[in-house]
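Subject: Structure for you to look at

Hello,

Here is the structure I promised to pass on. Please open it first, then read my notes below.

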Amino acid sequence: MRYVLDAASMKNVDSYSINTLGIPSVVLMERAALSVTEAIESKVKGNIHTDIICVCGRGNNGADGLAVARQLYLKGYNVDVYIINSHASTKEFDIQLNIIKNLGIECINSPDFSKYGVIVDALFGNGLSRELAGEARIVVDTINKCSTSVRSQYTQNSDNNGNRLVVAVDIPSGISASTGVVMGSAVNADITVTFGFEKIGHILYPAASYCGKIIRKDIGFAQYPDMTRDIFTYDYSDISDMLPLRKPDGNKGTFGKALVIAGSRLYGGAAVLSSRAAARIGAGLVRTLTHISNRTAVITGNMECIVDTYDTDEECGDFVKNTETLVDKCICWADVVCIGPGLSMEESAVKLVRSVSAKKNIKKLYDADALNIIAQYKIELDGSNDDVDYEAGGNSGNASYKDDMSDKNVVVTPHIGEMSRLTGLDIAVIKNNPIDTARTYSREHNCVCVLKDARTIVSDGERVYINMSGNDGMATGGSGDVLSGIITGLMAQGLTTFEASALGVYIHGCAGDEAALSNGKYSMVAGDIIDNIKNVLIKARGE
Ligand SMILES: NC(=O)C1=CN([C@@H]2O[C@H](COP(=O)(O)OP(=O)(O)OC[C@H]3O[C@@H](n4cnc5c(N)ncnc54)[C@H](O)[C@@H]3O)[C@@H](O)[C@H]2O)[C@@H](O)CC1
Ligand SMILES: Nc1ncnc2c1ncn2[C@@H]1O[C@H](COP(=O)(O)OP(=O)(O)O)[C@@H](O)[C@H]1O
Ligand SMILES: [K+]
């Protein structure tokens, strides 16, 4: 697990290390600069004839830039320094500038950026507090213009000497470390070397596409005792610790019963994908309640699955006969219910959502059309005002989840469009504030919110998981159905709603990455993500 910080928390880490512990600021700075120098050297491969320019602001990010200039100069590289005058200088900046002057490194006035092989961006780092304007903005736009033109030539002709490298110190200048929003304009870097912790501004889009490759270096910061630890992301190594334990003497009941209510007359595939994913992640038993037209498809695509069906009137979309008993029987059988993939918004689907909502004390996941129905009919996620008796239903599931009913019961998995319908917020507002949107929704609705996008956010109202696995090959119909099955299968095995959601999202992305390796991002389809779940689990557990 890696903690992800915002600008204020990072500033506190800085200040705790320097002011409370007494680690000299210039020591941290020297280590920061060394890690940038090392990254540059590994790219230019010892070619000391490379012309390098360090573009510096007057804060400590600029001071880092000056230290990098000095280190490279002392190694024999041709280094120029360009300093912008947009704000007052820090004490560290003055110290570094003094050394630069003593060494005779040239500070130039109007650089021609196109003549440099390496541009070091040290204008602003964690301290960026407003939109770029004036000289700073002109400089950033000029750097981007000349480096982008090299990059596009490079893509057209690989023999081109398009080796201009833009290296951002800590974070590309112009990116807000707290939100990932571009403040007017931002440097488009090939590499970003950051110190201690990743910031939100390295991870969320659009910022992530400005960072290039992110290299995180430990430079000796200490975590302060009450450092915010509620925003985090996972690594591959986290999977095996987080996976629910498999008891060697367990039986299929031990690993949970998952009910997937999915697939209408037109969208049968969603039911197959969701239920197959739940089985592939390890649920003991999976049952699918679907429209009768999908029976063969579900059994063929997922032959281990128990299948129950209902029929609907083609005209009005309602059940052709009373299915209350069947629906009730299925829900009472389950430890976890997933409802929504391909469900449609017909009358029968609305009734199914109401039935799930009315069940108390059962873990539920709402996806896709179930969310659209909830938004349209203002249905409560958890029918706390319904008096259906859970115990009388004979639910016979996994003991560990039953003991932990203090956990939130409900997971919602909206993509941005569904979130907009649920909240009434504009898509642009959600895109610019995904963390706040997910956190607020989960607080207000007492649920775990999985806000799906290229960087999916999972929040239980306090904790925030930011997902970094996955790729654009997953932007293909049915990927979300697979995710809902994975999270459901993990809940069935006893993980809490939040654990199942965060781990499920991570594994889903890793399986998508494996699928992209074997099928390519253009050709991969949602079923390939399911096929790769096993590879992720085997690899993660070293089996
Ligand atoms: N010893 C330390 O304190 C260390 C600091 N580090 C570096 O220090 C950086 C943070 O330094 P600072 O806090 O000085 O912040 P920055 O160097 O990011 O810049 C802050 C300065 O820029 C001004 N500013 C903000 N937005 C502006 C805008 N749009 N236009 C014009 N001026 C603007 C601010 O008023 C302030 O004077 C980190 O990103 C990192 O690179 C690292 O070297 C690690 C050690
Ligand atoms: N560019 C991307 N990078 C990473 N993951 C992505 C990307 N695009 C889509 N995904 C993932 O794919 C899934 C798509 O879900 P969704 O939009 O509900 O699709 P569907 O309704 O077709 O099943 C989500 O989990 C989302 O996070
Ligand atoms: K920078």
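I start with one aspartate, D460. Its place is the loop that runs between β18 (457–459) and β19 (464–466). Is D460 buried or exposed? Its relative accessible area is 11%, under the 20% cut-off, so D460 counts as buried. The side chain of D460 has two partners worth a look. One is the backbone nitrogen of E462, at 3.0 Å. The other is the side chain of R463, joined to that of D460 by a polar contact of 2.7 Å.

Before you go further: this is a predicted model.

Ligand 1

The space that ligand 1 takes up is the largest pocket. Around ligand 1 there are 25 residues. S25, D64, G125, R130 and D170 are the closest of them. By class, this shell holds 10 nonpolar, 10 polar and five charged residues.

Which elements supply two or more residues to the shell around ligand 1? They are α1 (7–20), α2 (25–44) and α3 (60–74). Of the elements, α2 gives the most, with four residues.

- S25: a polar atom of its side chain is 2.7 Å from a nitrogen atom of ligand 1.
- N60: a backbone N or O atom is 2.9 Å from an oxygen atom of ligand 1.
- N61: an N or O atom of the side chain is 2.9 Å from an oxygen atom of ligand 1.

On its own, ligand 1 has 880 Å² of accessible area, and the protein covers 86% of it.

Ligand 2

Ligand 2 sits in the second largest pocket. It is surrounded by 18 residues. The closest are K452, D453, T456, G478 and G480. The shell around ligand 2 splits into four nonpolar, 10 polar and four charged residues. Helix α18 (residues 479–492) contributes the largest share, four residues.

Here the contacts to look at come from the backbone:

- N471: a backbone N or O atom is 3.3 Å from a nitrogen atom of ligand 2.
- S479: a backbone N or O atom is 3.4 Å from an oxygen atom of ligand 2.
- G480: a backbone N or O atom is 2.7 Å from an oxygen atom of ligand 2.

Taken alone, ligand 2 exposes 580 Å². The protein buries 77% of that area.

A buried asparagine

N126 lies in the loop between β5 (118–122) and α5 (134–156). Why does N126 count as buried? Its relative accessible area is 19%, and buried means under 20%. The side chain of N126 comes within 3.1 Å of a backbone atom, the oxygen of A7.

Backbone geometry

Most residues other than glycine have a negative phi, and most peptide bonds are trans.

The peptide bond from Y205 to P206 is cis, with omega near 10 degrees. P206 itself is in the loop between α6 (200–203) and α7 (207–211).

K378 is not a glycine, yet its phi is positive, near 50 degrees. Its loop runs between α13 (368–377) and α14 (399–403). Is K378 buried or exposed? Its relative accessibility is 70%, so K378 counts as exposed.

N446 also has a positive phi, about 50 degrees, although it is not a glycine. N446 belongs to the loop between α17 (434–445) and β17 (448–451).

One last residue

V356 is part of helix α12 (residues 347–358). It counts as buried because its relative accessibility is 1%. V356 and Y366 are 10 residues apart in sequence. From C-alpha to C-alpha they are 9.3 Å apart in space.

Best wishes

Notes: Residues numbered from 1 in each chain as written. Chains lettered and ligands numbered in written order. Predicted model: local features only at pLDDT ≥ 70, side-chain atom pairs only at ≥ 80, totals over all residues. Heavy atoms only, no water. Near = heavy atom within 4 Å. Polar contact = N/O pair within 3.5 Å; in protein donor to acceptor, adjacent residues only side chain to side chain. Areas by Shrake-Rupley, 256 points an atom, 1.4 Å probe, with all protein chains shown as cover. 1 Å grid on protein atoms, 1.4 Å probe; cavity = no way out; pocket = protein on both sides within 12 Å on 5 of 7 lines; lining within 4 Å. Sits in = over half its atoms within 2 Å of the grid points. Nonpolar A, V, L, I, M, F, W, Y, C, P; charged D, E, K, R; others polar. Buried < 20%, exposed > 50% of the residue type's maximum accessible area, 1.4 Å probe, protein only.
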